[in-house]
Amino acid sequence: MSLKIWINGKLHDKEDAKISVYDHGLLYGDGVFEGLRCYSGRVFRIDEHIERLWDSAQAIRLELPLTPSALHEAIDETLRVNEIHDGYIRVVVTRGAGTLGLDPNLTADPQVIIIADRIALYPEELYESGLEIVTVSVIRNHQAALSPRIKSLNYLNNILAKIEGLKAGCVEALMLNSHGEVAECTGDNIFVVRRRVLSTPPVEAGILEGITRDAVIELGREAGLEVREVPLTKHDVYIADECFLTGTAAEVIPVVKVDSRTIGNGQPGPVTCDLRERFFKLAHGE
Ligand code: PXG
């Protein structure tokens with residue numbers, strides 16, 4: 001059976017799910033999106049994802065053509081018809097088809113697209129041995145120009161960083177902000193642990209306010225750690241006992257090498273492993 005894709009209230013076979021080449025989502029990256037995950041039939045923090053989608057849309061002055069509860073139901077319906085219990089959900093909202101000019105007032109019909117698919121998990125050994133990442137020369141978008149808090153369809157900033165990371169042999173790349181502070185990775189937030197203090201850059205550093213990040217901050221406090229949202233430099237990463245990344249796709253993934261420097265003892269640390277386990281339980285509703 002072909003996957004069914006939801007577009008503006010109708011389900012289409014994957015092969016027939018199409019939008020206009022005049023859509024400004026394609027022509028200009030004019031739109032917003034969310035990436036969600038479903039565990040044993042339950043979407044993790046769906047309300048938070050829907051709220052972030054609305055915030056992103058508001059930031060780019062795009063009015064969604066449905067209510068948050070209608071989107072919630074549409075996500076459930078898309079999962080149900082595709083019989084996906086554990087998987088990945090991509091919600092995409094485009095500005096809609098318009099002219100070849102930039103003017104968003106000349107577009108009509110924003111397209112709301114929901115794709116539910118099986119999740120391509122990172123290989124298990126990456127979680128056991130830990131990732132190596134590299135700081136790249138591509139600076140995270142300046143928040144006064146285009147806020148990284150907007151999950152927009154224009155991901156070129158992150159893609160350029162990803163290309164540089166991949167060239168250096170790393171699947172994730174660390175991006176700094178225009179002050180030279182640590183911001184985030186291309187699709188993940190970053191945390192460091194030193195002497196049982198868990199630190200992560202604040203939203204003001206110019207990052208996406210990750211939903212996994214928020215969950216891990218809560219779990220860290222529950223675990224009795226001191227949690228700080230503070231500006232970090234590469235120095236803080238290099239001298240950390242432990243480092244890990246968080247994201248919908250990666251969940252909690254240990255980092256053991258940054259810029260060819262070994263972090264801690266070069267093995268995933270106890271705090272990282274504990275938080276990963278706590279996150280697994282939370283996501284699976286245990
Ligand atoms: N920073 C950026 C720039 C992101 O795109 C995160 C942090 C983590 O946020 P969440 O809310 O997911 O904890 C993201 C999210 C993928 C993929 O397929 C990437 C993301 C989400 C889902 C899938 O690479 N990025």
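How many aromatic pairs does a search of the whole structure find? The search finds five aromatic pairs, where rings of Phe, Tyr and Trp (its six-membered ring) pair if their centres lie within 6.5 Å, with planes under 30 degrees apart counted as stacked, over 60 as edge-to-face and the rest as tilted. Phe 44 and Phe 279 form an edge-to-face pair, because their ring centres are 5.3 Å apart and their planes stand at 70°. This pair links distant parts of the chain, 235 residues apart, with Phe 44 in the loop between β4 (42–43) and α2 (46–59) and Phe 279 in helix α8 (residues 270–283); helices (H or I, at least four residues) and strands (E, at least two) are DSSP runs, numbered from the N terminus.

The model is predicted, so that local features need pLDDT of at least 70 and side-chain atom pairs count only at pLDDT 80 or more, whereas totals for chains, interfaces and linings use all residues. Residues are numbered from 1 along each chain as its sequence is written, and side-chain values use heavy atoms, with hydrogens and water left out.

Phe 191 and Phe 244 form an aromatic pair that is stacked, with 5.0 Å from centre to centre and 10° between the planes. Here too the pair links distant parts of the chain, since Phe 191 belongs to strand β10 (residues 189–194) and Phe 244 to strand β13 (residues 242–247), 53 residues apart. Ring pairs also link Tyr 39, Phe 44 and Phe 279 into a cluster.

The table gives the relative accessible area of the residues in the two pairs described; buried means under 20%, exposed over 50%, and partly exposed in between (1.4 Å probe, protein chains only).

| Residue | Relative accessible area | Class |
|---|---|---|
| Phe 44 | 8% | buried |
| Phe 279 | 2% | buried |
| Phe 191 | 0% | buried |
| Phe 244 | 0% | buried |

A ring also takes part in a contact with a charge: the charged end of Arg 261 sits over the ring of Tyr 238, 3.9 Å from its centre, a description that requires NZ of Lys or CZ of Arg within 6 Å of the ring centre and within 35 degrees of the ring normal.

Is Arg 95 buried or exposed? Arg 95 counts as buried because its relative accessible area is 10%, and its place is in the loop between β5 (87–94) and β6 (111–117). Its side chain joins that of Asp 30 in a polar contact of 2.8 Å, and the side chain of Arg 95 also reaches the backbone oxygen of Ile 60 at 2.8 Å. A polar contact is a pair of N or O atoms within 3.5 Å; within protein, one must be able to donate a hydrogen and the other to accept it, and residues adjacent in sequence count only if both atoms are side-chain atoms.

The loop between β5 and β6 also holds Leu 100, which counts as exposed because its relative accessibility is 60%. In that loop lies Ala 108 as well, partly exposed with a relative accessible area of 42%. Ala 108 and Met 175 are 67 residues apart in sequence and 36 Å apart in space, C-alpha to C-alpha.

Finally, the backbone: most residues other than glycine have a negative phi. Asp 259, however, has a positive phi near 50°, and Ser 260 has a positive phi of about 70°.
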